[in-house]
Amino acid sequence: MHFGPHLLLAALEGLVTSAVLALTALGLSLVFGVMRVVNVAHGEFFMLGAVLAWAITTAIGGHPALGFLAALVIAPLIVGALALVAERLVLRRLNYNPEATIVATIGMLYIIQQLALTFYGPEARPVEPPFSYRILLPWFGYSGYKLSVIAASALLLLATWLVLTRTKIGLVMRATQYDSETAQAFGIPVGRVYGGVFALGAMLAAIAAVLIVPISQAHYLMGQDPLLLSFIVVIIGGLGSLRGTVVAAVLIGMSDGIISMFFSPTLAKIIATLLVAMVLVFRPQGLFGTASR
Amino acid sequence: MADRNGFFDLSKTALTRRTALKGLAAGAGLTVAPGFVRYSQAQSSAPIKIGFQSHRTGIGAAYGRWYEKTTAAAVKAINAAGGINGRQVEVIIEDDGTDPGRGAEVVGKFATQHKTDIVFGTLFSHVVIGSAPAAGENKMPYFVVSEGHHVASTKLNRYVFQPGITDVKSQIQSMAPWIAANAGKKVTQIFPDFAFGYDHRDYLPPALKAQGAEVIAQIAIPPTESSFTKYFPQIPAETEVIYHVMVGPAVLTFVKELGEFYGSNRPQLFGFIDSLEATDINSPGLEFLDGSHFWEGSPRYAQADDSEAQKAYRAAVGIDDNGAAVGDPKDVSTAAHMFGCWETLYVVKKAMEDAGYKGPEDRAKLVEATEALTAFAEGPEHPQGPKTFNGKIHQCFGIQNISKVEGGKLKVVHKTKIEDGLYEAEGDYTTQAL
């Protein structure tokens, strides 16, 4: 294949990766930014989203688009509710202590993963895309659904940004992130904000998973890669920075797509990890993060 | 942390001399109690313990589940017919997480803790390779159902056997003539980047060359990969056949993306069903496979010419005509491989009977008795077909099926002969000390 089409294919693949990664990493970034909790179970909320999407589409049947739309609404709500319960039962009781919550979320990771194995099983199960349109380019064919994932993710990111910067909820969240004690002194119900943010973070991961599941499949181990990549993105972009998360996701996704296509996927991972090391050494707060006070 | 409850305060929990004596007396009493020594007095009545190293979790979990079902069915049949040497068979399952390190630990656990007579049942090649040294060190006969060439390569040790399923080198060699004659001469290989894939990487090119065909590109894919479109530009345009072996949960994505990439204008496809074991061939996105060909060890779908033994085996394991669990059409089996568990257990039975096996002290005799076996006739004990066994390389050789995807089913279109897959032995395990 010639260089031009090859690069186009690489860029498209990279954009799909970026789109899903941005949503997942944003969830992780929000939780850390506002609550200072490193949520190691984030990838499992992603996995739960995909598994629930399979369950919902299977239960509904009929036209694939019907089940998919239902999954897009219901799966994140269930995952959000679960996250809320986990936050109330576990994280709150640990007083959001940074070390304790890391250990607790590692525990949650295993519990969720093994419950999925027990009740859903070890198989990878497919979800039918809402539409299967194949875009025919002169050099190769490409999935129309993949392009729509990029668009949907961009819309969702925009919506999250609007909520964070233009609404009262966003204001309250930002205030809590900036200084939770002062926020509490001003009458902001910090406990409820924490619960809401943790649920929102999990829901973003679940939405990303529902979007990706017609491309890949629902599998109980699928949360591991997104977790690792999300951490990379969040460290590079700066914890708690929406803009940084999106930029870093596009950077990592595109470099992954292009480097792994022209060289090797292993090299792409090496470079991403090297980038993380560089950022940690030269700009520990991340590209767009603000230095901690 | 303050020790508020005094857990660590020895003055409160120290043993008195009297309690210590009581405990000792109770312990001594237990060991002489009649129930405790039941088996050591009457060895013939104790069950034969088979340690099953199962992929219950990890990427092999779907295989593990069906290997367990097949094993349970075989053990039930063996026990109903009187067991082995008049003793019942008991299976003890340990999960290896489809992980080589854990696999070695599991073998050690079977040897020292469960004290099983043999270890059995491993599929994934990296787990077999990782566990084999532990089996050798513990002098524990280790019967794998793995398909890889590692046993027959004689790179493992004298305690490792693969008597129930043909190895990849032999499979490839026996199918290469069909591929070259029916699919095409210019072949691009896509294989997973670990041991099992390397067998395909190393043995397909010479096998095809012998048939006047050639491998023009080899694409290795990391086993954890979840997206494949980025590899497809490496497939040369003149490719006539894509030979794909992709084990892992992402295989549906692989097929779907291949479909999107090529559309209806695709090269011929020849694959190992390994990729699609436990997966419904009618899953969304797999329409692209229609008309393509697969290797199958044992056919998933019931065939018109199935033997009575094959029918009885399918009924015993509980799979329907579509190769799915009876009563749950969505629960598709790993039919192409799991027959190996059934057949291996019958080989173990035969070898134990030949050796007059009584207990772990006879393990060396069991190894020699297994090595003395030469052939297994087709029948209820070997429903997949007849096999020969080479005791020097601990490997069996059977027939292979090439099936075509037609109307949402797999139909066997070619069966190889045992002779097609025989090759020069690369070594001799029997020269190793026991």
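## Ground rules

Two residues are in contact here if their C-beta atoms, placed from the backbone, lie within 7 Å. Please keep in mind that this is a predicted model, in which local features need pLDDT of at least 70, side-chain atom pairs count only at pLDDT 80 or more, and totals for chains, interfaces and linings use all residues. Residues are numbered from 1 along each chain as its sequence is written, while chains are lettered from A and ligands numbered from 1 in the order in which they are written.

## Where chain A meets chain B

With that contact rule, 26 residues from chain A and 23 residues from chain B take part. On the chain A side, H1, strand S1 (134-136), strand S2 (141-143) and H10 each supply at least two residues. H1(A) gives the most, with 4 residues.

What classes of residue make up the side of chain A that touches chain B? There are 13 nonpolar, 8 polar and 5 charged residues. For this tally, Ala, Val, Leu, Ile, Met, Phe, Trp, Tyr, Cys and Pro count as nonpolar, Asp, Glu, Lys and Arg as charged, and the others, Gly among them, as polar.

## Chain A as a whole

Chain A has 11 helices and 2 strands, and from the N terminus on they run α-α-α-α-β-β-α-α-α-α-α-α-α. Helices (H or I, at least four residues) and strands (E, at least two) are DSSP runs, numbered from the N terminus.

Of the 293 residues of chain A, 49% count as buried, that is, with 20 or more other C-beta atoms within 10 Å of their own. Among contacts between residues at least 6 apart in sequence, 76% join residues at least 24 apart. The C-alpha atoms of chain A fill a box of roughly 60 × 50 × 35 Å along the principal axes.

## Two helix pairs to look at

Start with helix H1 (residues 3-35) of chain A and helix H10 (residues 242-262) of chain A, which pack at an angle of about 145° with their axes 7 Å apart. Axes are lines fitted to C-alpha atoms, for helices over the stretch in contact, and angles run from 0 to 180 degrees between N-to-C directions. The contact of H1(A) with H10(A) has 16 nonpolar, 8 polar and 2 charged residues.

Next, the axes of helix H5 (residues 144-166) of chain A and helix H6 (residues 168-178) of chain A come within 5 Å and cross at roughly 75°. H5(A) and H6(A) are therefore roughly perpendicular (65 to 115 degrees). Residues of this contact include Val163(A) and Leu164(A) of H5(A), and Ile169(A) and Met173(A) of H6(A).

How values were computed. Buried ≥ 20, exposed ≤ 12 C-beta atoms within 10 Å, placed from the backbone. Parallel < 35°, antiparallel > 145°, perpendicular 65-115°, else oblique.
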